[in-house]
Amino acid sequence: MRSRSRTICLSLAFITVFLYLLLALVSLPIHHQPCDPPLPPRTHVLRDLARADHASVGPSGPTDPAHRDSSSKGANKDAKGRVRTLSDGLSSASQGKMNMPGGVRRHGTDRAESVASGLSKLEALFDHPLYNMPSPPIPEEDWLLKVKPKIKASEKSSQMWVSASKEGYEDVRWNSSSTSHPPWLRFHLGISRWQLYPRRDPNMDPLTEQLATQRIVSAVQKSGGTQLKLVMSFPNYGQAMFKPMKQERDEETNYNLYYFSDFERHNAEIAAFHLDRILGYRRIPPAVGRLVDVVEEIKRVTTDRKVARTFFTSPVGNVCFYGQCSYYCSTEHAVCGRPRKLEASLAVMLPDLSLASRRSWRSPWRRSYSRSKLAKSVGVSVFSYRGTSVSQNLQKKHPNVCNMDRHHYETFEKFGNNTFLLHLDNGRAFGRHSKDEPSILAPLEQCCRIRRTTWLRLRLLSLPQFRLSDVMRASLSHDPLHSVAPLLSEPHLAALDRRLKTVLETVSRYCLDLNQAVSKMTYR
């Protein structure tokens with residue numbers, strides 16, 4: 001009986017295994033489907049969406065209003081469809097191994113939809129008549145630089161536009177034709193009495209691409225200033241101002257620090273350039289973000305011994321350096337890669353001072369650099385502005401200038417006093433989104449002067465269809481560093497709308513007869 005039972009059990013086991021194998025062979029053709037491609041990381045969702053939407057509604061798109069409107073709607077529909085697809089993919093993955101919270105998925109989707117909507121608003125903003133007003137031809141004397149039609153043989157130099165080492169630089173083959181000029185030179189030749197570049201400058205795309213991608217052949221520390229910055233040189237002899245990442249984007253300024261003791265921010269330089277374009281000023285040199293290899297693109301190409309001797313490797317293996325400067329140049333405040341990649345802003349350099357000298361003016365609303373003494377010209381401390389008297393002469397020259405870090409401001413000397421102000425060095429902008437600084441509005445409160453075009457654009461940007469935060473978010477999505485993380489956090493974008501409202505309310509409050517004030521506004 002025992003042997004018989006064993007035989008029966010073995011037979012049943014063999015039958016069971018056979019059935020399982022047969023079932024697996026039958027079901028294999030049914031369930032064998034191609035694997036889905038891997039989902040892009042969440043940080044790439046906005047970049048892909050921005051590229052797709054920008055390609056559909058960019059400035060070079062169709063000029064017919066009906067055609068442009070329909071293509072814009074189609075782009076938005078396609079973009080929203082892509083957002084839903086990516087969101088569904090993330091949702092499915094979260095049910096498996098990823099286990100991502102629903103709030104994170106929703107936040108990423110909302111941000112992507114905001115970028116898609118903002119891109120359409122940005123296009124509509126730049127298509128608005130306020131951004132396309134006809135302007136008279138620029139006379140010859142209103143250009144900052146010009147190309148000499150012919151150069152005498154005696155004036156030519158064999159060393160012109162040649163580096164001391166010549167290594168890594170391209171052979172110069174430029175002539176009087178603008179098509180032969182590199183983007184940085186076309187930018188310099190496009191500077192006029194009223195702006196750094198025209199409204200729809202076709203050179204802007206190649207210029208920013210050069211800043212973001214071109215090979216770096218030299219890196220030396222920029223003299224002057226309070227913090228570390230480098231001058232980067234490219235093979236075509238272009239140069240850019242380099243400011244490294246020193247703190248996270250969402251890290252606010254310590255409220256116990258004076259404004260002149262704060263860190264400079266690379267993302268603030270980039271955001272200031274985009275905001276300047278949106279406001280229609282065009283007074284800030286183009287700036288873009290870039291991931292730089294600390295070893296290959298700084299350490300191995302620098303000829304600056306002061307910088308070279310400050311490189312070290314941190315305990316966790318990151319390559320760091322700190323240079324020499326007045327503030328924050330020490331091992332405690334070193335700039336470090338992760339482990340070698342470092343975020344930074346690169347802003348195109350203005351023409352050399354030997355070609356286009358600049359004049360520095362003392363701001364009548366400058367702040368004291370002392371923690372206890374008052375500024376002599378205005379008789380106020382760093383926190384008090386109301387009821388002060390200012391120099392009427394300087395006030396008449398440039399009544400529209402003020403910034404927490406604007407103790408001086410510059411203009412091109414060639415144009416005298418009848419020109420625009422250069423808005424340089426914006427690294428301390430966007431320090432705190434949770435606090436507004438009303439004293440910055442002192443010039444507006446005291447003088448009640450604002451350009452008519454500026455006033456109209458500010459009112460336009462307060463409307464829902466052109467909301468400042470939306471177009472700013474969309475504009476920043478074009479920057480290369482947006483693929484790493486948004487350059488401005490949402491609280492900073494919300495603060496832009498809040499501060500714009502404050503500016504508009506200030507004009508209404510201090511310019512009692514608003515209609516009369518608008519009629520007195522200048523047009524440039």
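# Reading salt bridges, disulfides and an annotated site

Mentor: Buried would mean under 20% and exposed over 50%, with partly exposed in between (1.4 Å probe, protein chains only). Keep in mind that this is a predicted model, where local features need pLDDT of at least 70 and side-chain atom pairs pLDDT 80 or more, while totals for chains, interfaces and linings use all residues. Residues are numbered from 1 along each chain as its sequence is written, and side-chain values use heavy atoms, leaving out hydrogens and water.

Trainee: Which side chain does Asp436 meet in a salt bridge?

Mentor: The general idea is that side chains of opposite charge can pair when their charged atoms come close. The rule here asks for a side-chain nitrogen of Lys or Arg within 4 Å of a carboxyl oxygen of Asp or Glu. Asp436 pairs with Arg499, at 2.7 Å from N to O. Asp436 sits in the loop between strand E10 (408-412) and helix H11 (442-447), and Arg499 is in helix H14 (residues 490-510), so the bridge ties together parts 63 residues apart in sequence. Helices (H or I, at least four residues) and strands (E, at least two) are DSSP runs, numbered from the N terminus. Arg499 is partly exposed too, at 24%.

Trainee: How many salt bridges does the rule give?

Mentor: The count comes to 19. One of them joins Lys435 to Glu437, with the closest N and O atoms 3.3 Å apart; Lys435 is partly exposed at 40%, and so is Glu437 at 23%.

Trainee: And Asp470 with Lys121: are those two buried or exposed?

Mentor: Asp470 is buried, at 12% relative accessible area, and Lys121 counts as buried at 15%. Their closest N and O atoms are 2.5 Å apart. This pair links distant parts of the chain, with Asp470 in helix H13 (residues 468-476) and Lys121 in helix H4 (residues 102-127), 349 residues apart. Both belong to a network of salt bridges that also takes in Arg467, Arg473 and Glu490.

Trainee: Now the cysteines. How many disulfides does the structure hold?

Mentor: A disulfide is a covalent bond between the sulfur atoms of two cysteines. In practice you look for a pair of cysteine sulfurs within 2.5 Å, and this structure has 2. Cys320 and Cys336 form one, at 2.1 Å between sulfurs. The torsion about their S-S bond is about 110 degrees, so this disulfide is right-handed. Cys320 is buried at 0%, whereas Cys336 is partly exposed at 30%. Cys325 is joined to Cys329, S to S 1.8 Å, and a torsion of about 100 degrees makes that disulfide right-handed.

Trainee: Last one: which residues does the "binding site" annotation cover?

Mentor: The unreviewed UniProt entry lists several, including Lys243, Glu264, Ala347 and Asp425. UniProt positions follow the numbering used here, feature names are shortened, and annotations may be inferred rather than shown by experiment. Lys243 lies in strand E3 (residues 239-244) and is buried at 6%. Neighbours within four places in sequence aside, Lys243 is in contact (heavy atoms within 4.5 Å) with residues including Glu264, His266 and Asp425. Ala347, in strand E8 (residues 341-348), is buried at 15%. Leaving out residues up to four places away in sequence, Ala347 touches Gln239, Ala240, Met241, Pro286 and Ala287.
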